[in-house]
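Here is a short briefing for a first look at this structure. Please keep the sequence and the 3D view at hand while you read.

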Amino acid sequence: MKVLIIENEIYLAQSIANKLSDSRLECVIAHSLKEVQKDHYDVILASFGTINDGYAELSKIYPQAIIILMIAYINDDTVIKPLRNGVTDYIVKPFIVDELIRKITHYKTYREMSEEINFYRSYFDFIERELSIPEPFLYNPPFVIKTNFQRSADVYAMRYAREKHLHFQFFSLKEETWKSIFRVPPKKNKVYYITKLEELKKSDRKDFLEAALKYNVILSIVSSEKVAFPQVIDISRQSNSVELGGEILSVKEYEKSIISQYESRYPDIELAKKLGMSRKSLWEKRKKYGIIRKNKNTAQS
């Protein structure tokens with residue numbers, strides 16, 4: 001990080017710069033506003049006695065910088081007005097440099113987190129605009145989201161979380177970690193988003209859904225089958241362009257893609273039935289497309 005120190009007391013400015021340099025911060029010293037060379041600064045440490053009302057000019061020229069005023073006393077002119085006009089924080093002289101470093105680190109971390117959060121919010125808003133979502137969300141967990149595409153269920157669940165101000169813990173039924181959920185008593189403040197319900201066998205699915213009724217869970221299932229659960233939100237009929245983008249596949253390419261995607265999920269007889277063909281035809285198409293049958297037991301070993 002590059003730090004600009006504006007201080008007319010030469011000894012003090014150099015002392016601060018030396019101690020900040022020990023923390024691997026690059027420091028530039030200016031003894032007045034006129035000496036400040038235009039450059040990129042991550043942090044501006046300015047003495048109020050040196051710049052007076054110049055903090056307003058600094059905040060306009062360097063809006064992204066962390067601006068900390070070094071002040072001798074606290075009043076409206078040294079604290080309230082500067083904070084209202086772009087200054088990030090203040091520190092009262094004399095101060096311990098470790099406290100200054102703590103402030104710099106705090107605001108650096110805060111800004112990085114804010115930028116990251118804004119990035120994900122922007123991305124989600126972008127995706128959400130492409131998805132048709134039924135509203136309003138008048139129900140509470142537990143419930144099942146029934147969909148044709150996992151991505152649609154994920155966006156729906158995240159939209160629900162934003163509307164309800166919830167934070168999920170995420171689990172997939174393809175992984176063993178989900179079993180830890182039901183090993184502890186239900187808690188009101190714990191909400192789980194669990195995907196891949198279609199991965200469970202029908203007999204196991206029934207037991208799982210009965211156990212899920214006691215917890216704040218949101219489940220997703222990619223299936224056209226009926227789901228035996230009190231609350232099922234069916235978004236499979238929603239027209240979602242988010243799943244229709246990209247290149248149009250030929251019938252053969254689509255067929256190959258579907259077989260590859262779902263062959264590990266269903267037995268051959270069931271998959272063939274869903275595709276409207278015989279088991280023999282499915283075997284022939286797998287051979288034709290060079291698709292190697294994946295055995296679940298083999299994959300786990």
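Strands β7 and β8 run parallel and are joined by 5 bridges. This is a predicted model, in which local features need pLDDT of at least 70, side-chain atom pairs count only at pLDDT 80 or more, and totals for chains, interfaces and linings use all residues. Residues are numbered from 1 along each chain as its sequence is written, and side-chain values use heavy atoms, with hydrogens and water left out.

- Helices (H or I, at least four residues) and strands (E, at least two) are DSSP runs, numbered from the N terminus. Two strands pair if DSSP finds at least two bridges between them.
- Phe168 has Val191 in β8 as its bridge partner.
- β8 also pairs with strand β9 (residues 217-222), in the parallel sense, over 3 bridges. Here Tyr192 stands opposite Val217 in β9.
- Strand β8 (residues 191-195) is largely enclosed by the rest of the structure, because 5 of its 5 residues are buried. Buried means under 20% relative accessible area, exposed over 50%, and partly exposed in between (1.4 Å probe, protein chains only).
- Val191, Tyr193 and Thr195 point one way from β8, while Tyr192 and Ile194 point the other way.

**The five-stranded sheet**

- An open sheet of 5 strands has parallel pairing and the order β2-β1-β3-β4-β5. Its edge strands, β2 (26-30) and β5 (89-92), each pair on one side only.
- Strand β1 (residues 2-6) is joined to strand β3 (residues 43-47) by 4 bridges. Leu4 has Ile44 in β3 as its bridge partner.

**Thr78**

- Thr78 sits in helix α4 (residues 76-84). It counts as buried because its relative accessibility is 3%.
- Leaving aside neighbours within four places in sequence, Thr78 is in contact (heavy atoms within 4.5 Å) with Phe48, Leu69, Ile71 and Tyr73.

**The second largest pocket**

- A pocket is an open set of points on a 1 Å grid over the protein atoms alone, where a 1.4 Å probe fits, with protein on both sides within 12 Å along at least five of seven lines; lining residues have an atom within 4 Å of a point.
- The second largest pocket is lined by 13 residues, and Tyr120, Arg121, Met158, Arg162 and His167 are the closest to its centre.
- α5, α6 (150-164) and β7 (168-172) each supply at least two residues of this lining. α5 gives the most, with 5 residues.
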